[in-house]
Amino acid sequence: EIPGATGFASPSLPREGSSATTSWTLNRGGRYGFAGAEAILKASPASERHTRNTLVFGRSPRDSVQDSLTGGATRGEMSEAAPQHPRGATLDEFNAFIQSGGVGLNRSAIRDDPDKVQELAEDFYYLNEDPATSPNLRVDDVDQYSFLMDCLDDGNTKSNASLSFALFRVLKVLSRKAHNRLALEDNDMKTVVGYMHKPKTSQVASEVSSVVLNMCYEKENVVRFIKCKGVPFLLDFVRDLDDDVAANAAGALQSLSYQEVGREELRELGTLEILIPALKHTSVKVRTRSVGVVHNMSSDVHSIAILREGGAIKTLVAMLSAPQVHICGSAAGAIQNLSREQQSKREILEHNGIPPLNDLLFGSDVPTQVCAAGALINLIGPGLESDPATGVQLPHHKAQRKGFSKLVMLSLVTGMAFHGLFSEDDD
């Protein structure tokens, strides 16, 4: 039997740098990149939020910054030489400036020189914007980002849209690293969600959504985000007229729906009723991430009827022929899951879903091929197990089903072998 056949297609996670124009015949994608209501939440004061640093580093933020300025020595004793990272790989310069701001007129870098804070944030972002070349991403350690969160907590930052935007782009870069996502605390999530209430600009809303997309790669952060009542904001954002806001909000919803607790929350809040129309959005990026959410939600048994009754099946069948690998792959995964329900199965067949699924068997994207194979077995296989006129099941009917499964597997392997031998990437 094909792995996953007659079972659910596994949920998928969004990727910040995924191409919106990639042909479905390209090599398989994977989990190797990130993002890219009324409930205002007050962030805790700075004095209450730095327990993270004691837990992670075993010392205070001030000690950590002082170490960076003195070459790694701590309180008069020499430590082993710290590894030399390229300039901009860490937040050392940013953190040092925020700390030194305490000697200014207002004893706050944000109040004394917000332009300099923004400049340092932008310098860090531009050096680390591309995950493929980001020096920060290559440093396998937790970043000291408490000062960044303090800046975001500051009321002056919240009223300054350009500064907020710059700081959230820094946080987006940092949240690409698992170490940083795992170091997140409840107060940090409250700070992030606080910016989702009436964001100053579309740019801020877009960047905050990207941060949520990244943070919610971890189940613990999905739970935090739900507790902070952040989902309703995303449901507002996904309907925004700005394509970037809508796409990044859909990406965040895809991260949330990867976890069972997230799927339950999204179902209860009516996410599918909002996202089904987005499957026909004019933006390829919005469609890509919306169908990713639908794919994930289709693994929730209680969501299958919602998708069918909402008219999603016809659109999903059409998406099987999309030129974008992530769109047709997610559509195939959703079709595989939906095909377990008899009413959905009939509707898929009525909309002529077999031919495009058959075509996907001979692509080169392995997850898409497996989903297509599983869907075909779910759709056609049961009809081979008994006489279509009498319903009587005889031994040769079971052999028919088994033979069909083997034929699908052979087609799948043939497609893999063909693209392995004749890949366009070969010299």
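## Helices α3 and α5

In this predicted model, helix α3 (residues 92–100) packs on helix α5 (residues 114–128) at an angle of about 165°, and the axes lie 9 Å apart. That makes α3 roughly antiparallel to α5 (angles over 145 degrees count as such). Axes are lines fitted to C-alpha atoms over the stretch in contact, with angles from 0 to 180 degrees between N-to-C directions. Helices are DSSP runs (H or I, at least four residues), numbered from the N terminus.

Glu93, Phe94, Phe97 and Ile98 of α3 meet Lys116, Val117, Leu120 and Ala121 of α5. Contact means heavy atoms within 4.5 Å. By class, six of these residues are nonpolar, none polar and two charged (Ala, Val, Leu, Ile, Met, Phe, Trp, Tyr, Cys and Pro count as nonpolar, Asp, Glu, Lys and Arg as charged, the others as polar).

## Helix α18

Helix α18 covers residues 284–297. Of its 14 residues, 12 are buried, meaning under 20% relative accessible area with a 1.4 Å probe, protein chains only. Among them are Arg287, Arg289, His295 and Asn296.

## Serine 175

Serine 175 sits in the loop between α9 (161–174) and α10 (178–182). Its relative accessibility is 3%, so serine 175 counts as buried.

Beyond neighbours within four places in sequence, serine 175 contacts Arg181, Val211, Asn214 and Met215. Methionine 215 is 40 residues away in sequence, yet 5.9 Å away in space, C-alpha to C-alpha.

## Basis

Residues are numbered from 1 along each chain as its sequence is written, and side-chain values use heavy atoms, leaving out hydrogens and water. Local features need pLDDT of at least 70, side-chain atom pairs count only at pLDDT 80 or more, and totals for chains, interfaces and linings use all residues.

How values were computed
Helix = DSSP H or I, 4+ residues; strand = E, 2+ residues; numbered from the N terminus. Parallel < 35°, antiparallel > 145°, perpendicular 65-115°, else oblique. Expected span 1.5 Å × (residues − 1). Buried < 20%, exposed > 50% of the residue type's maximum accessible area, 1.4 Å probe, protein only.
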